[in-house]
Amino acid sequence: MVAAIARRLAGMLAVMFIVATMVFFLTRLAPGDPASLMLGDQATAADIAELRKTYGLDRPVAVQYVLWLKEIASGNLGQSIFLQRPVLQAIGERAEPTFFLALFSILIASLIGIPCGIASAVWRGRVADQTVSGSAMLAASIPSFWLGLLFIQFFAVRLGWFPVAGYGDPGADLAQRLRHLVLPAMVLGIVNSALITRFTRASMLDVLSEDFVRTARAKGLPESRIVLRHALGNALVPIITVVGLTAALLVGGAIVTETVFGLPGIGNLVVSAVLRRDYPVIQGALIVIAGIYVLINFTIDVIYTLVDPRVET
Amino acid sequence: MDPAAAKLFLDRLFRRKLVLFGAVVLLVIVIAAIAAPLIAPYSPTGMRVTQRLRPPSATNWFGTDEFGRDVLSRIIYGGRASLGIGMAVVLASMLAGTTLGLLAGYFRALDTVIMRIVDAMMSLPDILLAIFLVAVLGASAGNVVLALAIVYTPRVTRVVRGSTLVVRELPFVEAARLLGVSTPRILTVHILLNVASPILVQATFIFAYAVLAEAGLSFLGAGVPPDVPTWGTMIASGQQYADRAFWVVFFPGLAIVLAALSLQLVGDGLRDMLDPKLRKAL
Amino acid sequence: MTQPAPLLAIENLAVTFRTEAGNVTPVRGVDLAVFAGRTTALVGESGSGKSVTALAVMGLLPRASGGISGGSVRYRLKSGETSDLAKLPPEGMRRLRGREIAMIFQEPMTSLNPVLSVGEQIAEQVRHHTGTGSAAAMRRAVEMLGLVEIPDAARRAADYPHQMSGGMRQRVMIALAMSCNPRLLIADEPTTALDVTIQAQILALVDRLRREHDMGVLFITHNLGVVAEIADDVTVMYAGEAVEAAEVRTMFRDPRHPYTRALIDCLPARARTGADGRRVVSSIPGSVGAAAAAGGCKFAPRCSHAAPPCHAAHPILEPSDGGHMIRCFRWRDL
Ligand SMILES: Nc1ncnc2c1ncn2[C@@H]1O[C@H](COP(=O)(O)OP(=O)(O)OP(=O)(O)O)[C@@H](O)[C@H]1O
Ligand SMILES: [Mg+2]
């Protein structure tokens, strides 16, 4: 058990190391000198040299790389060029809407996807299955920003049920803020339900063809119990995995939706950083988001040991 | 392929009516894009200030945009860029992913390194990795292709590696090795032929994702420059008129949905047909 | 056979599956009877349709693709009434399963749910059929595990299937099957996947439970040694048909169908001593798949006694003396 966890942890570190390395060197490919970029057209050569020195840009790349790894390892993601504050702080300020958006979206996606996937597997090949599978494929074909624009037009502009955009006034209470998340969460919930539906269906089909399901039938149990207890109980592990990983990907993957709805979240931060070439913010955000994904992945592995007795404890 | 085999192939593929629907829609979209100059009723760039934001009508089926350009014509031309980029992404990621997957699956020493990098790339959401790559490469159609190809390569690598690991243990590969067939030949001929069908299925799905991702990037202003008509840039520039003229946003989006949907339907049909496990169960 | 009315009487059963290649009917013309307190062995080569027959009785054929396409499966209920299971709606069949008719499967390694403890898997059935509370049901589960000779049953009840060996799991399956005192037990090759010593224990166990509970047992096997050991009556199947049925002693003393004879000749105990002084075990040439002429006897292509009429017409299962049934044109000549 301890050895298994240690192995997973080592894997996590390896992935994070590769992400950090990738981010570092890819950023060097970028055209333009960050220092001159920051100071604008009017900067003198001396100013630029000065700034390069403060950011360590005058040192050899290898040295910069080692220093950067060291900084990350100690939890320092550097300074934003434009926001005049540490990257980590900038991300922290934007975390709330992104966190709640990911949470609500995955809840909606699971509430749609898991029951639909189960129904589709149970009634495989019948009308219910074809309807569900077709709808899932349709949902996976919808660009989230387009659905967002349609929802805004219909539910916010036309019907006035929800705010059009933003995350409320600075002083607004939590309920007020969360009202702004209803439409974007619906959009992301629908789009992401497709994956969960398909995955639930596939896992349930696998399990339903297993011998022990036939045993459960031989016991004379009602079909509902066979499906929900015996089959779902065994399909739960892969379903939890896909739900967890989808949630993790929503943290950084809601960029487009956040932009459409003008939500001041992490995705929005990344987009403005990209448009302004604020590389420290882009790099920091990538590392934080990969870190969250890796961490959730690790947590799921731990949950495995709790729901599946076959995984030795 | 002889006619009887071709007929059997098509019968299998189109056993489900939805798959047939997907194939027909896909064909229509592709032909429209290729033959755009023949089909489009107007020039995609022809501005007519007097005709700004006109609703759908007999003359402009999908209405006109903020410059008085015909939305339908722009969608037809936009398909060239959107589908072209998608196609290029598929080809590039197939090539890279297949190579890496074969190497990882066949040479144990490379496996760990390649798969760790794949894991690392897959720990980032597609769109985030894409926008980062476009940011460092610079926004252009070519770089969008490059960025998305990099984003989707890991998926192909995984599929190919998985199949390679299975196929390499099969007796005939072993036999080929014993007969002295060289490793590169074993890789390319024997294994590749056997992993071809999962790759083909994967290709259709990546095509669909790439069309969606290109639109997303263009919408964010981090993709194809706005003056090139793609379905994504059309929605991006039409966004601010959405409340007055929904059609400038609605129809390009519909084109994306139809393209992505038909690709996935065809991919699903191919998978059903090619997966022997599923075939037997039905 | 001089018993009273049988507990289970299958007549001319046919089962059809829809497959992509068209309909297949792997079972067509199975007749067999099981009596209370007795064991009927169903014998036949791999692929002859034994499991499909058992699943048809249980109403467990894959619903999407398969079903009973002919014949009857008459079962005598506790009340004495007879019910044709082939015509029973799924809901009625479900109420019989586990309570009146129980089944043990061929694959002990995969037939138990990996995420539920074995005690719970038994207790669940008890709760469902008897409505007892969970504590009482669990006590019953432990009792059953003790009955099938699992040592330290109270503690092992909390174990998961993966913590048990194949033999143990098959015992659990038997405990499960027996937990609601079924009147008919269908055991589908319960020992094939187990090693020889465990096989003997399991056979003894099933036999003991049959005696103690006056239960009818349909015991499926392809092993004639096992048949000799536990069966009272035997039905031999070939290519989806019953070809011979008799009491066990009659069957071994006086087998009449060429297939049955060949099977018995294949027993190692019957091995001839060859010219070089070694013992030669005989075998039946060909395989079940061997294509029989349409309308002819299924066994004719492999039969050393086949005559022209055997390839032309299909024999029926006809009664001989003492309840002996044979499906062969030529048994009188042999
Ligand atoms: N679901 C199904 N769909 C189609 N054909 C089936 C199905 N189940 C069984 N069959 C066919 O029915 C035939 C008999 O199978 P069955 O499992 O009853 O054999 P068996 O006598 O139990 O053999 P064994 O000793 O190997 O268990 C086989 O040819 C098999 O291919
Ligand atoms: Mg069997």
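Q: Which residue of β4(C) is the bridge partner of L8(C)?
A: The bridge partner is Y75(C). This is a predicted model, where local features need pLDDT of at least 70, side-chain atom pairs count only at pLDDT 80 or more, and totals for chains, interfaces and linings use all residues. Residues are numbered from 1 along each chain as its sequence is written, chains are lettered from A and ligands numbered from 1 in the order in which they are written, and side-chain values use heavy atoms, leaving out hydrogens and water.

Q: What makes β1 and β4 of chain C a pair?
A: Two strands (E runs in DSSP, at least two residues) pair if DSSP finds at least two bridges between them. Strands β1 (residues 8-19) and β4 (residues 66-76) of chain C have 8 bridges, in the antiparallel sense, so they pair.

Q: Why are β2 and β5 of chain C called edge strands?
A: The open sheet of chain C runs β2-β1-β4-β5. Strands β2 (22-34) and β5 (82-84) of chain C each pair on one side only.

Q: Which residues coordinate the magnesium ion (ligand 2)?
A: S51(C) through OG and Q106(C) through OE1, at 1.9 to 2.5 Å; a donor is an N, O or S atom within 2.8 Å of the metal (3.2 Å for Na, K and Ca).

Q: Why is S51(C) called partly exposed?
A: Buried means under 20% relative accessible area, exposed over 50%, and partly exposed in between (1.4 Å probe, protein chains only). S51(C) has 24%, so it is partly exposed. Q106(C), at 23%, also counts as partly exposed.

Notes: Helix = DSSP H or I, 4+ residues; strand = E, 2+ residues; numbered from the N terminus.
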